[in-house]
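Dear colleague,

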Amino acid sequence: MKESKEILKSLRENIVQNQVNAYVEDNNCCQICNISLKKKGHNEIKFRTLFGKLSIESPRFRNCKCIEQRTVSFSSLPNLINERVSPELQFMESK
Ligand SMILES: [Zn+2]
């Protein structure tokens, strides 16, 4: 039973990470000059789901120098996951 839960958690993490990677790949260009941004490491964030907490790798990118920015780098993932709780878990918690 314990092993099957670990396998399911690993599977969910892989699915979510693949969705995140696809989103990041589509959003790794400067929105002004459309140049491809350089990757600057990553953070690990926790995402709460009905099936437990998942660890997701959130890549960081250097800001483009075409306009002045307040920060050196940013993560685009908060635009996708602005709340670190899945909609299904939020629904169940609100019931
Ligand atoms: Zn730019």
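This is a predicted model: local features need pLDDT of at least 70, side-chain atom pairs count only at pLDDT 80 or more; totals for chains, interfaces and linings use all residues.

Residues are numbered from 1 along each chain as its sequence is written, and side-chain values use heavy atoms, with hydrogens and water left out.

I begin with the loop between helix 1 (2-26) and strand 1 (39-49), where Asn28 has its place; helices (H or I, at least four residues) and strands (E, at least two) are DSSP runs, numbered from the N terminus. Asn28 is buried, its relative accessible area being 19%, where buried means under 20%, exposed over 50% and partly exposed in between, with a 1.4 Å probe and protein chains only. Not counting residues up to four places away in sequence, Asn28 touches Ile35, Ser36, Leu37 and Phe61, a contact being heavy atoms within 4.5 Å.

Cys33 is also found in the loop between helix 1 and strand 1, and at 39% relative accessibility Cys33 is partly exposed. With neighbours within four places in sequence left aside, Cys33 is in contact with Cys64 and Cys66. The C-alpha atoms of Cys33 and Ile67 are separated by 9.5 Å, although these residues are 34 apart along the chain.

Ser73 belongs to strand 3 (residues 73-75) and is buried, at 11% relative accessibility. Apart from neighbours within four places in sequence, Ser73 is in contact with Lys40, Arg60, Phe61, Arg62 and Asn63.

Turning to the surface, Lys38, Lys40, Arg62 and Lys65 gather in a patch of positive charge. Patches are made of residues with over 30% relative accessible area and no salt bridge, like charges being joined within 9 Å and nonpolar side chains (Val, Leu, Ile, Met, Phe, Trp, Tyr) within 5 Å; a salt bridge is a side-chain nitrogen of Lys or Arg within 4 Å of a carboxyl oxygen of Asp or Glu. Arg62 lies in strand 2 (residues 52-62) and is partly exposed, at 39% relative accessibility.

The other patch is nonpolar, covers about 430 Å² and is made by Leu50, Phe51, Phe91 and Met92. Of these, Phe91 lies in helix 3 (residues 87-94) and counts as partly exposed at 49% relative accessibility.

How values were computed. Accessible areas come from the Shrake-Rupley method with a 1.4 Å probe; for residues, only the protein chains shown count as cover. Lys and Arg count as positive and Asp and Glu as negative; His and the chain ends are not counted. The place of a charge is taken as NZ of Lys, CZ of Arg, CG of Asp or CD of Glu.
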